[in-house]
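Some labels used for a protein model rest on cut-offs. The questions below ask how such labels are reached.

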Amino acid sequence: RKPKIIGDAVDDTLVELLKVDKKSFSGDTILVRDIIVKYILRGVLRYDENRSGFTIHGLEDDVDCSYLISGGRRVSLSGRADRIDIRPDGTLQIIDYKSGNTPHLKFNGMDNLFNGAPHERISNIFQTLLYSMMLHKRDGSEAMPSLYFASKMLSDDYSPTILNTATGEVVERYSDFADEFEAELSST
């Protein structure tokens with residue numbers, strides 16, 4: 001039953017995006033559709049089914065905040081979070097979906113995330129940390145940034161958690177990294 005529901009939802013989305021009837025899908029569209037369905041069923045859903053007690057709080061949610069920078073000036077920050085879950089402990093989990101084949105789930109300290117060599121300034125990690133910060137500033141919410149790399153979620157040992165290799169810490173709570181992240185953000 002799940003494969004049919006997921007397949008129908010993907011078909012409906014493709015019809016809407018491509019502005020064609022399902023019967024008009026090209027061979028390439030059918031191939032892409034089948035890959036999307038596979039990643040949803042054998043990746044994201046399988047992973048989510050093994051987690052317990054979470055609730056999907058939002059999809060494609062706008063996140064924003066007013067942020068104080070040097071000289072007492074304020075800037076408006078905003079973005080769109082792919083997904084926000086509420087974890088069993090009440091904290092949020094910010095999830096960003098990625099389609100690349102090389103998961104970037106590790107960074108070598110905040111200084112390198114902001115100022116390091118290009119391969120150390122990992123935009124995926126920065127983005128989820130920034131969204132976590134915005135929710136923390138705006139609502140006082142505690143959040144865990146996570147990255148769902150669809151192609152890697154097919155693996156049994158996949159984890160969407162982010163690791164700071166400089167300290168060996170997994171980023172489970174934004175507040176544990178807030179001071180350092182915001183100091184780097186402000187100086188940038």
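The questions and answers that follow concern a predicted model.

Q: Why is the pair of phenylalanine 114 and phenylalanine 126 called edge-to-face?
A: The ring centres of phenylalanine 114 and phenylalanine 126 are 5.5 Å apart, and rings count as a pair if their centres lie within 6.5 Å. Their planes stand at 85 degrees. Planes over 60 degrees apart count as edge-to-face, so the pair of phenylalanine 114 and phenylalanine 126 takes that name.

Q: What makes this pair a link between distant parts of the chain?
A: Phenylalanine 114 is in helix H3 and phenylalanine 126 is in helix H4 (residues 123-139), with the two residues twelve apart.

Q: How do you know whether phenylalanine 114 is buried or exposed?
A: Phenylalanine 114 has a relative accessible area of 11%. Buried means under 20%, so phenylalanine 114 is buried.

Q: Why is phenylalanine 126 called partly exposed?
A: The relative accessible area of phenylalanine 126 is 25%.

Q: What makes the aromatic pair of phenylalanine 126 and phenylalanine 181 tilted?
A: Phenylalanine 126 and phenylalanine 181 have 40 degrees between their planes and lie 5.8 Å centre to centre. Under 30 degrees would count as stacked and over 60 as edge-to-face, with the rest called tilted. The angle of 40 degrees falls in the rest, so the pair is tilted. This pair also links distant parts of the chain, from helix H4 at phenylalanine 126 to helix H5 (residues 178-187) at phenylalanine 181, 55 residues apart.

Q: Why is phenylalanine 181 called buried?
A: Its relative accessible area is 0%. Buried means under 20%, so phenylalanine 181 counts as buried.

Q: How many aromatic pairs does the structure hold, and which residues form one aromatic cluster?
A: There are seven aromatic pairs in the structure. Tyr47, Tyr97, Tyr148 and Tyr158 make up one aromatic cluster.

Q: How do you know that aspartate 111 is partly exposed?
A: Aspartate 111 has a relative accessible area of 42%. Buried is under 20% and exposed is over 50%, so 42% puts aspartate 111 in between. Aspartate 111 lies in helix H3 (residues 110-115).

Q: What makes the surface patch that includes Asp111 negative?
A: The patch is formed by Asp111, Glu169, Glu172, Asp176, Asp179 and Glu180. Asp and Glu count as negative, so the patch is called negative.

Q: Why is serine 141 called buried, and where does serine 141 lie?
A: With a relative accessible area of 17%, serine 141 is under the 20% cut-off and therefore buried. Serine 141 sits in the loop between H4 and strand E5 (143-149).

Q: Why is glutamate 60 called partly exposed?
A: Glutamate 60 has 46% relative accessibility. This value lies between the 20% and 50% cut-offs, so glutamate 60 counts as partly exposed. Glutamate 60 is placed in strand E1 (residues 55-68) and has a positive phi of about 55 degrees although it is not a glycine.

Definitions and conventions
Residues are numbered from 1 along each chain as its sequence is written. This is a predicted model: local features need pLDDT of at least 70, side-chain atom pairs count only at pLDDT 80 or more; totals for chains, interfaces and linings use all residues. Side-chain values use heavy atoms; hydrogens and water are left out. Patches are made of residues with over 30% relative accessible area and no salt bridge: like charges are joined within 9 Å, nonpolar side chains (Val, Leu, Ile, Met, Phe, Trp, Tyr) within 5 Å. Accessible areas come from the Shrake-Rupley method with a 1.4 Å probe; for residues, only the protein chains shown count as cover. A salt bridge is a side-chain nitrogen of Lys or Arg within 4 Å of a carboxyl oxygen of Asp or Glu. The place of a charge is taken as NZ of Lys, CZ of Arg, CG of Asp or CD of Glu. Helices (H or I, at least four residues) and strands (E, at least two) are DSSP runs, numbered from the N terminus. Buried means under 20% relative accessible area, exposed over 50%, partly exposed in between (1.4 Å probe, protein chains only). Rings of Phe, Tyr and Trp (its six-membered ring) pair if their centres lie within 6.5 Å; planes under 30 degrees apart count as stacked, over 60 as edge-to-face and the rest as tilted.
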